[in-house]
Amino acid sequence: MESDIFKKGIAKRRKVLGDEYVDKALASADELGADMQKLVTEYAWGEVWNKENLSDRDRSLVNLGMIAALNRSHEFKLHVRGALNNGLSKLQIRDVVLQITIYCGAPAGLESLRLIREVFKEVDAEK
């Protein structure tokens, strides 16, 4: 049985990341991954992403910087899509990458630029 916080988390996760990604993540939740999906959905998406003091847009800005600093390219690309879904423009995301470059270094900034180009190309092709 799904808890209320899990349901809130799934709703927020779908809003930010899209149904296709969430459906794929949940479908792959086997014996090893099911508890991880539950944990991330309830705590990251159900609890933290549903706090009212930051907007989803603000959370996307913060996430892009942190994920770039951690060098997590798969998650970075995922959250670029989320940032677009949360109302950030391509130029605003580009400026986040410039900020990443200044504070995390040129390698992180150049990798982030490469990744946003990939995501923007994919998103444009889906239209």
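## Helices α1 and α3

Angles of 65 to 115 degrees between axes count as roughly perpendicular. In this predicted model, the axes of helix α1 (residues 4–17) and α3 cross at roughly 80° and come within 7 Å. Therefore α1 and α3 are roughly perpendicular to each other.

Which residues in α1 and α3 meet? From α1 come I5, F6, K8, G9, I10, K12, R13, V16 and L17, and from α3 come Q37, K38, T41, E42, W45, G46 and E47.

## A look at T41

Let's turn to one residue of that contact. T41 lies in helix α3, which covers residues 34–48. Is T41 buried or exposed? T41 counts as buried, because its relative accessibility is 0% and the cut-off for buried is under 20%.

The T41 side chain reaches the backbone oxygen of Q37 at 2.7 Å. Leaving aside residues up to four places away in sequence, T41 touches I5, F6, G9, I10, R13 and G46.

## Helices α4 and α6

Now for another pair of helices. The axes of helix α4 (residues 56–69) and helix α6 (residues 90–104) come within 10 Å, crossing at roughly 40°. α4 and α6 are therefore oblique to each other, and their crossing is right-handed.

On the α4 side, the contact is made by R57, L61, L64, G65, A68 and A69, while α6 brings Q92, I93, V96, I100 and C104. The residues of this contact of α4 with α6 divide into eight nonpolar, two polar and one charged.

Notes:
Residues numbered from 1 in each chain as written. Predicted model: local features only at pLDDT ≥ 70, side-chain atom pairs only at ≥ 80, totals over all residues. Heavy atoms only, no water. Axes fitted to C-alpha atoms, helices over the stretch in contact; angles between N-to-C directions. Helix = DSSP H or I, 4+ residues; strand = E, 2+ residues; numbered from the N terminus. Parallel < 35°, antiparallel > 145°, perpendicular 65-115°, else oblique. Left-handed = near helix turned anticlockwise from the far one by under 90°. Contact = heavy atoms within 4.5 Å. Nonpolar A, V, L, I, M, F, W, Y, C, P; charged D, E, K, R; others polar. Buried < 20%, exposed > 50% of the residue type's maximum accessible area, 1.4 Å probe, protein only. Polar contact = N/O pair within 3.5 Å; in protein donor to acceptor, adjacent residues only side chain to side chain.
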